[in-house]
Amino acid sequence: EMAVIQQQVLRALKDIEPAPERCARLVLVTSARPAEGKTFTSLNLAVAVARHGGMGALLIDGDGKRGSLTSLLGCEGAQGLRDIAADPALDPVRIVRPTEVARLRFMPSGVAPASATDPKASPKALAEAFHRIAAAFPDDLLIVDAPPVLATSDASAAAALAGQVLVVVRAEATQRSEVEAALDMLD
């Protein structure tokens, strides 16, 4: 199944029209609510792309909550996405960590507090951060493990910047109304 998802993502990547407000190589992976498999999907998609996709993959923890990629990979306390959004002078290349998988890199969620940037400016800071990351890694697909859509507005803000959005749905558990509400918020 992951090979099918990888092929669809890479095929769609070729058809995305360039736009200054979007990062075509940014794939946002989210879900309607927690525990639906978005982190599992993000990680496995990144590994599949790095191993078989013909390009590198940069897996970014855009969630940072308990059980997120940052904690699962033992990177608590490390600088990451939030720090890049809070400090425009911070070089994304210094933040990224190599992995045991060739052509796969990881960026933790970061340690900057959520209030480090002005709440009204944070979508702009996030957009600038993603564009700086994309410029620093021009040959990589950026895969962001985002928070669940119905839990926070962060995924909706990031979706506006992404070339593609994958919504993970847990079979026989996620209610149709939750999926529809999540899709409405992402629109």
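A polar contact is taken here as a pair of N or O atoms within 3.5 Å, where, within protein, one atom must be able to donate a hydrogen and the other to accept it. In the predicted model, such a contact involves E36: its side chain reaches the backbone nitrogen of A32 at 2.9 Å. E36 is placed in the loop between β1 and α2 (38-52). With a relative accessible area of 7%, E36 is buried, because the threshold for that class is under 20%. Beyond its neighbours within four places in sequence, E36 is in contact with S31, V168, V169, R170 and T174.

The largest nonpolar core comprises 32 residues, of which I60, M107, F130 and I133 touch the most other members. At least two residues of this core come from each of β1 (23-31), β2 (56-61), α4, α6 (122-136), β5 (140-145), α7 (154-159) and α8 (176-186). The greatest share is that of α6, which gives seven residues. Another core, of 23 residues, lies apart from the largest one and has L10, V49, A57 and V168 among its members. For I60, once neighbours within four places in sequence are set aside, the residues in contact are L81, M107, F130, I133, L142, I143, V144 and D145.

D87 is located in the loop between α4 (81-86) and α5 (92-95). Its relative accessible area of 35% makes D87 partly exposed, since this class covers values between the 20% limit for buried and the 50% limit for exposed residues. D87 and A125 are separated by 38 residues in sequence, and their C-alpha atoms are 8.9 Å apart in space.

How values were computed: Residues numbered from 1 in each chain as written. Predicted model: local features only at pLDDT ≥ 70, side-chain atom pairs only at ≥ 80, totals over all residues. Heavy atoms only, no water. Helix = DSSP H or I, 4+ residues; strand = E, 2+ residues; numbered from the N terminus. Buried < 20%, exposed > 50% of the residue type's maximum accessible area, 1.4 Å probe, protein only. Core = buried A, V, L, I, M, F, W, Y, C linked by side-chain atoms within 4.5 Å. Contact = heavy atoms within 4.5 Å.
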